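Keep the chain in view while you read.

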Amino acid sequence: MDLKRFFNPRSIAIVGVSSNPKKVGFLVAKNMIAQGFSGDLCLINIEGKEILGKKTFKNLKETGKKFDLIVICIPAPLAVSFLDEVAENGCQNVIIFAAGFGETHTEEGRKLQIILDEKVIEHKLNILGPNCIGYINTIVNVNATFFQCSAPKGKIGIITQSGALGTAFLDYVVAKSQIGISHLISLGNKTVINESDCIEYLIKDEETKVIAIYLEDVKNGERFIDVLQKATATKPVIILKSGRTIAGSTAAISHTGSIASDDDVFSSIMRKTGVIRAENYGQLEMLLKLYNFEAIPSNNRVLVLSNAGGMGVLLTDELIKAGLELVTVGQEVTNSLNKAFDQVKKISVHNPIDLLGDASAFDYQKAIELTMKEKDVGAIIVLLTPQANTEILETAKVLENIHHQLKFMPLYPIFMGKDSVTEAHRYFESHGISSFRYSSDLPLALAKIIEAEKLRLNPKTMHFDFSNIVSKNESMLNTGAMIAERDTPSSFLNQYDSLTIISKASIKVIKTYLADSLKDLDRIVKQEGFPLVLKTADSKITHKTEVKGVVTGITVYEELINAFNTFSQKPCYVQKQCEGVELIVGSKRDPVFGVVVIVGFGGIFTELINEVAEFVYPFSIYEFNEALAKTKLLKLTQGFRNMPKIDLSQLYDVCLKVGALMDKTPQIKEIDINPLICSQDGLIAVDGRVIV
């Protein structure tokens, strides 16, 4: 969808312009004029009276013009009917503000939505909304919204599914002298134009240097991933998404269905595409502020200078917790600092460098100039608390001067307090420096930026040729036929059949025997020996240990017979016992993003620990390693208390094959391998469940 003319119109008609200052039609017309739109602007009012000092027309035909964009400010039923007149004009680009469509979940709303959808197809319309607040393009001075103010020009492109959030952000940037927007686009119901369309447009917009998005849902998962990968290759993208709680799974009877989180799936998409995910609205503002002032750290090594030892320690805790590092001050710089300050006072030169409570502006200048000699510093944080003799504004001016000398090393002033530091913060902002009042939020924001920039500058880490996964495992292509040929119509494959299906993906599975008699047990013992495991073959039971459906550690024949006799339902499964770390690898289908693979702690600890990493298939080894690095599973890859080390490459291979099996077998709804045993001999699936 080409939206260039939609967002860069040469001519605009506003339909439903009112003389009432509180009506949407009046506000939109007022904003368009105030923003300074220089193209052809026609106001449509059914009475044809003068409004805002401009002549109005009773209808589109009376204007005698064809428009690039028509903005409809009338109620929902009238707006739908008016689309025929829009089509007669030859215009395809429309904004509809009115609510009252499918989002109302009423019979009337559903009927209106059906009619709207039919009009869209019939007239081939590009519609923004309905139930939206329009858009702003400061580059061509279009303000097709009913906000209360004009928008300042800048480099931030905003796409929002919430009009209220857009209003809040616009109010924020209006109050900031050095922050502005290139675009603000309100999506509304996304009947036609959705988030992916708008991202594609902003990718090509040269004035937009950073894209910020607020989302509640996604229209087309596959396309969304594709456009985000294209976007992050050229400019940073920050997304704030609501609905972080688990929405629930329709297949919660399996481990995978019960522990897989829809929100974790979305986080996986963010990792996959190199997008920064904001945790909350405040963090979104902070991230945009950092990008707006181009205050991007070159690496994760931070140097801290402070006039308050306690606050420096608190900041250090936050930096380390966020995954950043404190630069170790070298001997040369240490000697220089001691020499410069020893005659006056005894400062602490360990990072954070404590300049003490009486630090003057000159002290800060001297300390920073000397520490600038330290190599490989990604950023400098200057922490100041307003004490009795603190030279607040003078220190701000010193930092502003040094800021321009630091080409690849951003400087972040954290001036804490309120009244006494307000003037300093205004000074920083007026000189294009990102400053902060609190220390706790900055470290995580910097860590997110560093990770995203690392991916953006090295995109190869996110790509891999997945075609050979299937070509090397052609047997998985036959699994659909195997499922169709089953004797039972049950949705749940038994353990034997499930492991058979899983083995078709070239995943190593333990040999499983069916035992219906003592004769069967004799044969199995002769073939496998001890120790053995006996399991119930009841396909309805997912958590076998909870119903005493598993007997492990059977080492003699008498134990085997006794265990066998305790099982009321025959046959039973018999397996050779495997020892090692128990993992779970599973897969489900997300309704938006498709095949999702999970990996976590297995066995009886699956729900207890309830910590998994999730990936949208296909996923690279880089994505896999980065996600596992944020979990407790990482310790198991290094060997924990004499447990066998988990080979990450082998685990990645199993996870990828599970994803490929799901991808190539649409009949499968969920796969559960639990446990997948990690031993000295590698990874082997000893229990599994496939749901179709």
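Which residues of α22 are buried? The model is predicted, and in it the buried residues of α22 are Leu560, Ala563 and Phe564. Look down the axis of α22: these buried residues fall within an arc of 100°, so they line one face of the helix. Now turn to the face pointing away from that buried side. There α22 carries the exposed residues Glu558, Asn565 and Thr566.

Take α21 next. Two packed helices are described by the angle between their axes and the distance between the axes. Helix α21 spans residues 518-528 and helix α22 spans residues 557-566. They pack at an angle of about 140°, and their axes are 11 Å apart. Roughly antiparallel needs an angle over 145 degrees. α21 and α22 are therefore oblique to each other. The crossing of α21 past α22 is right-handed. On the α21 side, the contact is made by Leu518, Leu521, Asp522 and Val525. On the α22 side, Tyr557, Leu560, Ile561 and Phe564 take part. Sorted by class, this contact has seven nonpolar residues, one charged residue and no polar ones. Leu560 and Phe564 are among the α22 residues in the contact, and both are also among the buried residues of α22.

Pro571 sits in the loop between α22 and β22. The peptide bond leading from Lys570 to Pro571 is cis, with omega near 0°.

Another cis bond is found elsewhere in the chain. Asn351 and Pro352 are joined by a cis peptide bond, and omega there is about 5°. Pro352 lies in the loop between α13 (331-341) and β16 (353-354).

Now for another helix pair. How do α15 and α16 lie relative to each other, roughly parallel or roughly antiparallel? Helix α15 covers residues 392-403, and helix α16 covers residues 419-430. Their axes come within 9 Å and cross at roughly 20°. Angles under 35 degrees count as roughly parallel. α15 and α16 are therefore roughly parallel to each other. α15 passes α16 in a right-handed crossing. From α15, the residues that meet α16 are Ile392, Leu393, Ala396, Lys397, Leu399 and Glu400. From α16, the partners are Ser420, Val421, Glu423, Ala424, Tyr427 and Phe428. By class, the contact of α15 with α16 has eight nonpolar residues, one polar and three charged.

Move to α11 and α17. Helix α11 runs over residues 281-292, and helix α17 over residues 442-457. The two pack at an angle of about 60°, with axes 10 Å apart. That makes α11 oblique to α17. The crossing of these helices is right-handed. α11 brings Gln283, Met286, Leu287, Leu290 and Tyr291 to the contact. They meet Leu442, Leu444, Ala445, Leu446, Lys448, Ile449 and Glu453 in α17. Nine nonpolar, one polar and two charged residues make up the contact of α11 with α17.

Finish with the loops on either side of α5. His105 is found in the loop between β5 and α5. His105 is exposed, with a relative accessible area of 64%. Thr104 lies in the loop between β5 (93-96) and α5 (107-123). Is Thr104 exposed or only partly exposed? Its relative accessible area is 32%, and Thr104 counts as partly exposed. Thr104 and Ile225 are 121 residues apart in sequence. In space, their C-alpha atoms are 29 Å apart.

Lys124 is not a glycine, yet has a positive phi of about 55°. At 62% relative accessibility, Lys124 counts as exposed.

Methods
Residues are numbered from 1 along each chain as its sequence is written. This is a predicted model: local features need pLDDT of at least 70, side-chain atom pairs count only at pLDDT 80 or more; totals for chains, interfaces and linings use all residues. Side-chain values use heavy atoms; hydrogens and water are left out. Axes are lines fitted to C-alpha atoms, for helices over the stretch in contact, and angles run from 0 to 180 degrees between N-to-C directions. Helices (H or I, at least four residues) and strands (E, at least two) are DSSP runs, numbered from the N terminus. Angles under 35 degrees count as roughly parallel, over 145 as roughly antiparallel, 65 to 115 as roughly perpendicular and the rest as oblique. A crossing is left-handed if the near helix is turned anticlockwise from the far one by less than a right angle, and right-handed if clockwise. Contact means heavy atoms within 4.5 Å. Ala, Val, Leu, Ile, Met, Phe, Trp, Tyr, Cys and Pro count as nonpolar, Asp, Glu, Lys and Arg as charged, and the others, Gly among them, as polar. Buried means under 20% relative accessible area, exposed over 50%, partly exposed in between (1.4 Å probe, protein chains only). The arc is that of the directions from the helix axis to the C-beta atoms.
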